[in-house]
Amino acid sequence: MGLKIYNSLKREKEEFIPLNPPYVGMYVCGPTVYGHSHLGHGRSYVVADIIYRYLNFLGNKIRYVQNITDVGHLVGDRDIGEDKIQKQARLEKLEPVEIAYKYESSYFDDMDKLNILRPSISSRATGHILEMIEFIEALIEKGNAYATKDGNVYFDVRSFKEYGKLSGRSLEEQEEGERIENAKDKRNKEDFALWKRAENEHLMQWSSPWGKGYPGWHIECSVMATKYIGSTLDIHLGGIENMFPHHECEIAQSEALTGKPFVRYFMHNNMLTVNGTKMGKSLGNFIILKDMFKKVEPMVLRFYILQSHYRSPLDFTDEALQAAKNGFERMKNSIFGLKKFVENKNEEVKKEFHDVIKLKEEFLSAMNDDFNTPIAISVIYEILKISNTELLNTNPDIEKLIYIKNLIEDFTEKILGFNFIDDNLNSSIEDKLIQNFIDLRNKYKIEK
């Protein structure tokens with residue numbers, strides 16, 4: 001069975017066929033860098049990493065683009081209000097560029113701990129202002145956008161007849177004030193901002209044909225995605241909370257300009273809750289990844305995330321995390337035992353092991369079924385049961401154990417992205433390092 005992906009545009013699973021195989025253009029909505037990454041970010045980017053890794057495993061050549069939003073994302077995700085970066089800059093008494101760099105570095109530090117591969121291109125919104133202005137000018141020329149006397153530019157939603165095809169929401173269903181606030185100079189309340197006029201005190205602003213201002217949130221993704229991938233993306237991934245209005249607006253402005261399908265496969269990971277409640281700072285259940293890593297190793301959190309299918313809601317509880325920790329330790333210990341036994345044994349594997357091959361096919365079948373990582377992980381346990389049983393034999397089959405070891409490394413490390421660390425090995429290295437420092441100190445003391 002080939003890879004099938006649930007396409008949010010079609011609301012069904014479809015066989016994945018890239019536009020220009022084996023090349024794949026994949027775009028993932030990146031973070032708005034105004035604070036440290038939280039659990040929701042952890043889930044979203046672990047999911048993206050799994051998709052990236054598995055597509056690579058299947059032999060595709062991927063250009064993976066992820067944006068860094070460092071301007072234009074307003075508080076409340078609306079068209080009026082204060083920029084999130086600017087608000088944080090005022091709170092911390094820093095320049096916006098300092099805020100963006102600080103939290104971008106923090107974001108990548110957290111992602112590295114989760115063993116998430118870096119994108120092919122990590123593009124910052126502030127580095128693409130000229131392209132955004134050109135994009136907006138072209139939309140105005142085509143009649144899909146309009147500038148107002150106040151210096152704002154809006155996309156005319158009614159000029160794009162298919163608006164709502166992703167979320168399934170008609171214009172009549174979009175109530176006043178829901179996600180998109182009605183600015184006074186809009187023609188229609190559904191229209192969304194492409195460019196916003198900046199007041200004199202606004203910390204981030206650029207010259208444009210409409211006066212000093214800054215881009216809207218939605219335009220950024222369309223510009224950066226099409227610049228680095230092309231008019232049509234193979235895969236666009238993001239959180240389900242961004243399906244409307246963000247992704248809906250991306251589709252409208254992109255397809256209005258190019259006349260081509262913007263995305264072939266739109267993918268959305270579901271929400272993360274904490275003890276059954278949506279995570280939020282006001283509720284006191286907002287969990288920062290850096291705080292989480294003080295309590296549990298990042299690979300346990302990765303394991304916990306992958307035990308749930310990406311399209312299912314994931315509820316975070318201490319009990320579930322502890323269960324994940326126990327499960328991950330069992331997996332890790334079995335793999336360490338297997339690796340230690342076959343270490344320095346280089347027998348060529350010539351046999352076929354049908355019980356293991358059957359499980360290999362089950363693993364790949366699970367991954368091909370819209371990246372079903374919970375089933376894939378359960379198959380890994382079944383493979384490790386076979387290796388554990390073989391290790392208990394008086395004369396274990398070395399070839400079989402080597403075959404399983406190679407297979408397990410592919411599945412757990414290359415595809416699922418687990419980074420197994422031997423605590424005993426780390427302790428040994430640290431002891432040697434400390435002893436080296438002691439020896440150096442004594443040497444320098446003698447030499448004065």
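Buried residues are those under 20% relative accessible area, with exposed over 50% and partly exposed in between (1.4 Å probe, protein chains only). The model is predicted: local features need pLDDT of at least 70, side-chain atom pairs count only at pLDDT 80 or more, and totals for chains, interfaces and linings use all residues. Residues are numbered from 1 along each chain as its sequence is written, and side-chain values use heavy atoms, without hydrogens and water.

Helices are DSSP runs (H or I, at least four residues), numbered from the N terminus. In helix H5 (residues 217–228), ten of the twelve residues are buried, so H5 is largely enclosed by the rest of the structure. The buried set is Trp217, His218, Ile219, Glu220, Cys221, Ser222, Val223, Met224, Ala225 and Thr226. Just after H5, glycine 230 adopts a positive phi of about 125°.

A nonpolar core is a set of buried Ala, Val, Leu, Ile, Met, Phe, Trp, Tyr and Cys residues joined through side-chain atoms within 4.5 Å. The largest such core holds 130 residues, among which Met331 and Leu416 touch the most other members. Helix H1 (residues 39–57) supplies the largest share of this core, ten residues. Contact means heavy atoms within 4.5 Å. Leaving aside neighbours within four places in sequence, methionine 331 contacts Phe303, Ile377, Ile380, Tyr381, Leu384, Thr412, Phe418 and Phe420.

The axes (lines fitted to C-alpha atoms over the stretch in contact; angles run from 0 to 180 degrees between N-to-C directions) of H2 (residues 84–92) and H3 (residues 96–113) come within 8 Å and cross at roughly 100°. Ile85, Gln88, Ala89 and Glu92 of H2 meet Pro96, Ile99, Lys102 and Tyr103 of H3 in this contact.

Note on methods
Helix = DSSP H or I, 4+ residues; strand = E, 2+ residues; numbered from the N terminus.
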